[in-house]
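Let's take a walk through this structure together, one piece at a time.

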Amino acid sequence: MKTLSIVLLLSAAIGNFPIGSASAAGNPCAAGKPEIDAKTITRPQGYKPMAGDAKLGEKLWHDTKLSTNGLSCNSCHQDHGAFQSSFAKPYPHQVAMARDKAGMKRVHLDEMIQACMVMPMAAKPLPWDSRELAALKAYTLGVQKTFKPGAKAPANPCSAKPANPCAAKPANPCAKK
Ligand code: HEC
């Protein structure tokens, strides 16, 4: 028993130490380091976007089988949820998530769909020449048309929060004394 726990302790120490020290003392840029390889979600060279079937796209938008974690696009983006004001702009444009996680300054719509496939949906990117990607793109363009920045998510997310909950409580009677 004792030997076992020593072995476990040792392996934990050996296993963890280099990782711990690397993140603590390591590259100062690591905090802003992209978390996914931009290549996996960047249009391949010479890519020619195809026209897509928005009806099929609508089905896929609600299809949890596209992900490995039980989510569909709709889980997050229903009623324009999770979109920020950038969604109102014509593509390509900058999207905070692609910038922060993949270091991409601007993205095309199909690249952003791939970004959501890989990150929030925890799946593989769709084949670039697939009907599915083209269809999702066609449907998302329709969703974009009815999007009004600010309607769902106020520019300053903090302003959406109720004011300090303490302030809403009836004043503390003792405070007056
Ligand atoms: C777990 C939640 C989640 C899921 C599931 C999800 N997304 Fe997203 N999506 C986000 C977040 C968060 C952003 C980033 C918003 C930002 O940074 O501005 C985003 C951004 C986007 C954008 C870019 C909006 C812009 O500003 O241009 C598109 C397009 C998009 N998602 C489409 C999809 C599609 C299509 C699917 C399904 C394949 C999907 N998303 C699945 C959370 C999700």
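Two residues are in contact if their C-beta atoms, placed from the backbone, lie within 7 Å. With that in hand, take the contacts in the chain between residues at least 6 apart in sequence: 63% of them join residues at least 24 apart. A word on what you're looking at: this is a predicted model, where local features need pLDDT of at least 70, side-chain atom pairs count only at pLDDT 80 or more, and totals for chains, interfaces and linings use all residues. Residues are numbered from 1 along each chain as its sequence is written.

Now for the overall layout. The chain has eight helices and zero strands, where helices (H or I, at least four residues) and strands (E, at least two) are DSSP runs, numbered from the N terminus. Read from the N terminus on, the elements go α-α-α-α-α-α-α-α. Of the 177 residues in the chain, 17% are buried. Here a residue is buried if 20 or more other C-beta atoms lie within 10 Å of its own, exposed if 12 or fewer, and partly exposed in between, with C-beta atoms placed from the backbone.

Let's go inside. In soluble globular proteins, nonpolar side chains tend to be buried together. A nonpolar core is a set of buried Ala, Val, Leu, Ile, Met, Phe, Trp, Tyr and Cys residues joined through C-beta atoms within 7 Å. The largest one here has 22 residues, and those with the most contacts inside it are Ala 98, Val 107, Met 112, Ile 113, Ala 115, Cys 116 and Leu 136. Helix H2 (54–61), H4, H5 and H6 each supply at least two residues of this core, and H5 gives the most to it, with six residues.

Nine of its ten residues are buried, so H5 is largely enclosed by the rest of the structure. What covers the buried residues of H5? The cover includes H3, H4 and H6.

How do two of these helices sit against each other? Two packed helices are described by the angle between their axes and the distance between the axes. Axes are lines fitted to C-alpha atoms, for helices over the stretch in contact, and angles run from 0 to 180 degrees between N-to-C directions. H5 and H6 pack at an angle of about 105°, with their axes 10 Å apart. They are therefore roughly perpendicular to each other (angles under 35 degrees count as roughly parallel, over 145 as roughly antiparallel, 65 to 115 as roughly perpendicular and the rest as oblique). On the H5 side, Leu 109, Asp 110 and Ile 113 meet Leu 133, Leu 136, Lys 137, Thr 140 and Leu 141 in H6.

H6 has another partner in H2. The axes of H2 and H6 come within 7 Å and cross at roughly 90°, which means that H2 is roughly perpendicular to H6. By class, their contact has eight nonpolar, two polar and three charged residues. For the classes, Ala, Val, Leu, Ile, Met, Phe, Trp, Tyr, Cys and Pro count as nonpolar, Asp, Glu, Lys and Arg as charged, and the others, Gly among them, as polar.

Next, the ligand. It is surrounded by 23 residues, and the closest are Cys 73, Cys 76, Ala 96, Cys 116 and Pro 120; a residue is near a molecule or strand if its C-beta atom, placed from the backbone, lies within 6 Å of it. Helix H3 (73–77), helix H4 (96–102), helix H5 (109–118) and helix H6 (131–145) each supply at least two residues of this shell. The largest share, five residues, comes from H5. The shell has 18 nonpolar, five polar and no charged residues.

Finally, some loops. Asp 53 sits in the loop between helix H1 (2–25) and H2. Apart from neighbours within four places in sequence, Asp 53 is in contact with Arg 131, Ala 135 and Ala 138. Most residues other than glycine have a negative phi, and most peptide bonds are trans. In the loop between H3 and H4 you'll find Pro 92, and a cis peptide bond joins Tyr 91 and Pro 92, with omega about -5°. Asp 79 lies in the loop between H3 and H4, and its phi is positive, near 50°.
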